[in-house]
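Thanks for coming. I will go through a few parts of one structure, so please keep the picture in view.

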Amino acid sequence: MILEKLKRMEGFTHQEQAVARYILDHVEEIQQMSTEELARVSYTSKATVVRLCKKLEVEGYQELKLKLVSEMVQNIRVNQLLSKEPITEKSTFPDIIHTLPKLYDKAITDTELCMDRNVMIRICNRIKAADRIDIYGSGISYILAQSAAFKFATLGMECAAYESVNAHYLSAGKKKKTVSFVITFTGANKNMIETARYLKETTETYVVGIVGRHNKEIRKWCHEIVEIPSRDSLLSLKVITSFTATTYVLDIFFSMLLAQTYEKHVKSSLEMVCHETLRIGVDYWNLKEPPEDGESS
């Protein structure tokens, strides 16, 4: 960064330091100045300005001015983003527990507003008719995929999470009706784009992308797209928005499958409860109320 180099002044002569200080104090004004004018107002020489440009690793004074403008614009953008951050160094515990529910609520509301219900219903119908569900993610979205796979498995649906394509697995199960979710919070994760491409080009799986807004490339390799909102943020809070939105979308599909297989799930749940005492030592059917005060147990 040019501005950082100017501030550090490492290896600068006294004259070069004078030029650097003037530039830092008059970043906007020097855009209208020539090399000779900068040398004059900083009480140095044209040769000093040229030497400083070389030390800053730019081709010349014109490139120096262009890079300074670029960095100024970037700094303004950074400051604007930071000013919108809901959590700062001044946030207290009460501030945080008050702010986070609002972030969750906004993520869900924004997701619902941009949701195409016809698309969601088509996907639900595909899930209902499927033999299995595969969920692909990378990094934190893979953790989310694992969580979703566990939920679908509780309904008796064959479901697993993956970070990449397993060609042997896909080949062995090619006769099964499969719905594959491919998750990328940005929409531009190269690994997930290649995963979607492989699935669509080499298998019969129904590919659904749950993606952020930069999804032009991955759209080509998905049968359906569910776009999730993402907030401009320099901090890790943007993960909260994407994670919450994606969880909400997958929970909709999970809940729809539960509704469509409700009676079957109730039956299996009752069977599970009957055997629960063997697993955790608690008999739900013979639970006794705790004794009231004064009564012996």
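Which residue in E3 is the bridge partner of Tyr 136? That partner is Val 182. Before going on, this is a predicted model, where local features need pLDDT of at least 70 and side-chain atom pairs count only at pLDDT 80 or more, while totals for chains, interfaces and linings use all residues. Residues are numbered from 1 along each chain as its sequence is written, and side-chain values use heavy atoms, with hydrogens and water left out.

Helices (H or I, at least four residues) and strands (E, at least two) are DSSP runs, numbered from the N terminus. Strands pair if DSSP finds at least two bridges between them. Strand E1, residues 132-136, runs parallel to E3, with five bridges joining them. On E3 and strand E4, residues 206-211, there are six bridges, and these strands also run parallel. Thr 184 is opposite Val 211 in E4. From E3 the chain passes through helix H10, residues 190-202, to E4, a right-handed β-α-β crossover (clockwise from the first strand over the helix to the second, with the strands pointing away from the viewer).

Now the side chains of E3, residues 178-184: seven of its seven residues are buried, meaning under 20% relative accessible area with a 1.4 Å probe, protein chains only. Thr 178, Ser 180, Val 182 and Thr 184 point one way, and Val 179, Phe 181 and Ile 183 the other. In a regular strand, side chains alternate between the two faces of the sheet.

Note on methods: Buried < 20%, exposed > 50% of the residue type's maximum accessible area, 1.4 Å probe, protein only.
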